[in-house]
Amino acid sequence: NISIRTSICKKFTLNCYTFLQPFAGIHGIYSKNYPNTFIETQNKKYLILKKTKNIIDISSSLNNDKELSYVDNTNYSPPANKSIAKYIYRIIEEKIETAN
């Protein structure tokens, strides 16, 4: 799907970005109540998806969080959403500056 999307973006001269988001249980600050099997599964998924071509890995966007990054085992907390948004903004801003 990403290869198709990349081709469409290229054909229509669009600046498209595909981000690999942080995973609960391996990125950011998360509850220590997650079962080991959950963390192992998340890590396997991340390691597989990380190999995908034409993506931008933003999993490090939560590295500086001081509060819980997740409200459950899937959804980001408001501070984590803000951290991710700022990180994405910096990446896109950098790419725009480089293109000009």
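A: A residue is called buried under 20% relative accessible area, exposed over 50%, and partly exposed in between, using a 1.4 Å probe and protein chains only. By that rule, 28% of the 100 residues of the protein chain count as buried. This is a predicted model, in which local features need pLDDT of at least 70 and side-chain atom pairs count only at pLDDT 80 or more, while totals for chains, interfaces and linings use all residues. Residues are numbered from 1 along each chain as its sequence is written, and side-chain values use heavy atoms, with hydrogens and water left out.

First, the setting. The protein chain has 3 helices and 2 strands, in the order α-β-α-β-α along the sequence. Here helices (H or I, at least four residues) and strands (E, at least two) are DSSP runs, numbered from the N terminus.

Now the pocket. A pocket is an open set of points on a 1 Å grid over the protein atoms alone, where a 1.4 Å probe fits and protein lies on both sides within 12 Å along at least five of seven lines; lining residues have an atom within 4 Å of a point. The largest pocket holds about 210 Å³ of space, a volume being the space filled by probe spheres set on the points, which are joined across faces, edges and corners. Its lining consists of R5, T6, C9, K10, L14, C16, Y17, T18, N54, I55, I56 and K95. Helix α1 (residues 2–11) contributes the most to this lining, with 4 residues. By type, the lining has 6 nonpolar, 3 polar and 3 charged residues; Ala, Val, Leu, Ile, Met, Phe, Trp, Tyr, Cys and Pro count as nonpolar, Asp, Glu, Lys and Arg as charged, and the others, Gly among them, as polar.

Two lining residues can be followed further. L14 is one of the lining residues and sits in the loop between α1 and β1 (19–20). Its relative accessible area is 47%, so L14 is partly exposed. L14 also belongs to a nonpolar surface patch with I4, I8 and F12. N54, another residue of the lining, lies in the loop between α2 (36–49) and β2 (56–57). With a relative accessible area of 52%, N54 is exposed. The phi angle of N54 is near 65 degrees, a positive value in a residue other than glycine.

T13 also has a positive phi, near 50 degrees. T13 is placed in the loop between α1 and β1 and counts as exposed, at 71% relative accessibility.

Conventions:
Patches are made of residues with over 30% relative accessible area and no salt bridge: like charges are joined within 9 Å, nonpolar side chains (Val, Leu, Ile, Met, Phe, Trp, Tyr) within 5 Å. Accessible areas come from the Shrake-Rupley method with a 1.4 Å probe; for residues, only the protein chains shown count as cover. A salt bridge is a side-chain nitrogen of Lys or Arg within 4 Å of a carboxyl oxygen of Asp or Glu.
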